[in-house]
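Biologist: Could you take me through one part of this protein up close? I'd like to follow the salt bridges, taking it slowly.

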Amino acid sequence: MQTIKWSEDMTLGVKDMDEAHKVFFEDLSALLTMPDDQFPTAFMGLIGKVEKDFREEEDLMEEIDYPGLLGHREQHSRVLGALHHVAPHVLNGDIALGREAAELLPQWFLFHLSTMDTALAFALDTQGAEINPATIRLAAERIRQGMDRTT
């Protein structure tokens, strides 16, 4: 099992998003160390929190008429679809499958954060939202790092 910890390097400078991401990592870490008998309830709780966070983020994108909304929403839907697919198995006692799904979330999240959420933070910054001034530098650095990996 991998260690999952929030890092300040993951901040985007958007207070609500950063707080939601931090809580997500805390909840996910707790879930992965949860005893088997408590895992199904905690797994379903995590799904509920993820649904709420995604809905709030999508509402924000709608408010600013964000051009990347559809692609961003699609990424959210894929993750929720996978979690909803696993949920009945977990509720029927397949805890190992639930743990396997939960262990994949940090990898997806880090990719999503460095691409989709960074672009959203940049868009919020250009909309005049109250954002940390380092957001543009952070976005440029993450884009550059992504480009370096593909060459």
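This is a predicted model: local features need pLDDT of at least 70, side-chain atom pairs count only at pLDDT 80 or more; totals for chains, interfaces and linings use all residues.

Modeller: The protein exposes about 8,900 Å², and carbon and sulfur atoms supply 55% of that. As for the fold, you'll see five helices and zero strands. Of the 151 residues, 38% are buried.

Now for the salt bridges: a search of the whole structure turns up six. Let's start with R73, which pairs up with E58, their closest N and O atoms sitting 3.2 Å apart. That pair links distant parts of the chain, with E58 in helix α2 and R73 in helix α3 (residues 69-91), 15 residues apart. E58 is buried because its relative accessible area is 13%, under the 20% cut-off. R73 is partly exposed, at 25%.

R73 also forms a salt bridge with E62, and here the closest N and O atoms are 2.6 Å apart. E62 lies in helix α2 and R73 in helix α3, so this pair ties together parts that are eleven residues apart in sequence. E62 is partly exposed, with a relative accessible area of 44%. Put together, E58, E62 and R73 make a network of salt bridges.

K49 lies in helix α2 (residues 39-63) and D27 in helix α1 (residues 15-32), so parts 22 residues apart in sequence get tied together. K49 is partly exposed, at 43%, and D27 is partly exposed too, at 22%.

Methods:
Residues are numbered from 1 along each chain as its sequence is written. Side-chain values use heavy atoms; hydrogens and water are left out. Helices (H or I, at least four residues) and strands (E, at least two) are DSSP runs, numbered from the N terminus. Buried means under 20% relative accessible area, exposed over 50%, partly exposed in between (1.4 Å probe, protein chains only). Accessible areas come from the Shrake-Rupley method with a 1.4 Å probe; for residues, only the protein chains shown count as cover. A salt bridge is a side-chain nitrogen of Lys or Arg within 4 Å of a carboxyl oxygen of Asp or Glu.
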